[in-house]
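Please look over the sequence and the three-dimensional structure shown here before reading on. The briefing below goes through them topic by topic.

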Amino acid sequence: MQDYYFNMEINSTNVRHKKVRQIATASLLNLMWAMAPGLTRRLLLKLFFSPKRYQTNTEEEAIVSKGRPFQFRVHEKTIHGWRWGRGPEVLLFHGWNGRGIQLHSFIEPLTASGYTAVAIDGPAHGASSGKVTSYFEFTDVLRKFLTEEREARVQGIIAHSFGAAAAINALTKEKMAVKTVCIAPVLRLQELLCSALDHYGIPQRLYHCLIREFEARYGYHLDQDNPHRLLKSLSGPLLIVHDVRDRTVPYRDSAHQAQALEQIGLWPTEGLGHNRILHDGAVVAQCMAYLKG
């Protein structure tokens with residue numbers, strides 16, 4: 001789940017090499033599954049459901065050191081977060097392979113506007129514990145934070161990519177009306193996940209087995225809880241900010257949903273990609289104007 005789309009030159013040689021690689025991988029994994037299903041399961045979890053640790057820079061570490069740390073428990077994992085400022089809370093939530101401080105460009109504008117900026121490291125990300133996680137567990141982290149912080153006046157959410165998908169799921173499940181900004185959101189999570197697994201030649205029966213395990217454990221359904229299916233059930237307003245040339249999560253998914261649903265606003269950018277969009281001054285200003293508007 002490192003990247004969902006793969007930008008390769010499409011020619012007959014590439015297609016043949018890809019097909020051979022997929023067949024070889026599928027054959028090996030099918031054999032492993034028959035002989036050692038537990039080992040094969042752990043291998044797939046490590047490859048596709050174990051995020052890389054985000055490396056903070058000096059600026060980010062300095063900002064974290066000034067925050068007020070807190071923590072809570074979800075599914076036997078310790079989730080770490082930080083607060084800056086005083087006033088109504090705005091939650092900053094990251095995507096896959098990220099962490100809360102990745103959205104640090106929003107902290108100073110939020111605190112200067114009288115908000116408390118809150119950043120959380122998702123499970124198996126940043127300072128939070130765990131090695132394996134999922135969309136469902138990300139959702140449960142947000143649900144617990146939002147329900148426990150009802151009295152803290154959570155007035156906004158700014159979420160990125162995979163974290164934006166979880167925010168949509170959490171808000172619909174809790175029926176909460178919170179003004180939300182989704183930056184480069186993964187709206188067709190099921191399709192993108194299966195596309196990535198198919199690309200590497202993972203047999204469908206194997207990864208469907210893993211997905212069913214996650215569904216049974218957390219009480220969700222990947223198809224029914226696919227973010228694009230949930231958007232029409234959101235209680236509060238939503239702004240999507242997405243770069244038209246995003247090479248990780250396609251802009252067309254956001255454009256399609258914004259066109260179909262009146263309650264969704266869309267603010268496109270160009271040339272900022274999937275991650276640099278988080279630190280663009282115009283994007284930060286637009287998000288702040290939306291939250292305060």
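**Strands and their partners**

- Strand S7, made of residues 238–243, is mostly covered, since six of its six residues are buried.
- Both faces of S7 are covered, with Leu238, Ile240 and His242 buried on one side and Leu239, Val241 and Asp243 buried on the other.
- Strand S6, which runs over residues 179–183, pairs with S7 in the parallel sense over four bridges.
- Strand S8, which runs over residues 264–269, also pairs with S7 in the parallel sense, here over six bridges, and in S8 it is proline 268 that stands opposite histidine 242.

**Helices and selected residues**

- Helix H6 covers residues 161–174, and its 14 residues should span 20 Å at 1.5 Å a residue, which agrees with the 20 Å that separate its end C-alpha atoms.
- Of the 14 residues of H6, 13 are buried, so this helix is largely enclosed by the rest of the structure.
- The residue that follows H6 is lysine 175, and its phi is positive, near 50 degrees.
- Aspartate 253 has its place in helix H10, residues 251–260, and it counts as buried because its relative accessibility is 11%, where the cut-off for buried is under 20%.
- Leaving aside residues up to four places away in sequence, aspartate 253 touches Leu187 and Arg188.
- Histidine 208 lies in helix H8, residues 204–218, and with a relative accessible area of 30% this histidine is partly exposed.
- Along the chain, histidine 208 and cysteine 194 are 14 residues apart, while their C-alpha atoms are separated by 9.0 Å.

**Aromatic rings**

- A pair of aromatic rings is described by two values, namely the distance of the centres and the angle of the planes.
- The structure holds 13 aromatic pairs, and one of them is the stacked pair of phenylalanine 70 and phenylalanine 72, with 6.4 Å from centre to centre and 10 degrees between the planes.
- Phenylalanine 70 and phenylalanine 72 are both buried.
- The rings of phenylalanine 138 and phenylalanine 162 have centres 4.9 Å apart and planes at 80 degrees, so this pair is edge-to-face.
- That pair links distant parts of the chain, as phenylalanine 138 belongs to helix H5 (residues 135–148) and phenylalanine 162 to helix H6, 24 residues apart.
- Phenylalanine 138 and phenylalanine 162 are both buried, and both belong to one aromatic cluster whose members include Phe49, Trp96, Tyr135 and Phe214.

**Charges over rings**

- Arginine 83 lies over the face of phenylalanine 70, at 4.2 Å from the ring centre.
- Lysine 179 lies over the face of tyrosine 290, and here the value from the ring centre is 5.4 Å.

**Where to read with care**

- Over residues 1–13 the pLDDT stays under 50, and for these residues the model has 31 contacts beyond four places in sequence.
- Where pLDDT is low, the predicted coordinates should not be read in detail.

How values were computed. Residues numbered from 1 in each chain as written. Predicted model: local features only at pLDDT ≥ 70, side-chain atom pairs only at ≥ 80, totals over all residues. Heavy atoms only, no water. Helix = DSSP H or I, 4+ residues; strand = E, 2+ residues; numbered from the N terminus. Buried < 20%, exposed > 50% of the residue type's maximum accessible area, 1.4 Å probe, protein only. Contact = heavy atoms within 4.5 Å. Expected span 1.5 Å × (residues − 1). Phe/Tyr/Trp six-rings, centres within 6.5 Å; stacked < 30°, edge-to-face > 60°. Lys NZ or Arg CZ within 6 Å of the ring centre and 35° of its normal. pLDDT = per-residue confidence, 0-100. Pairing = 2+ DSSP bridges.
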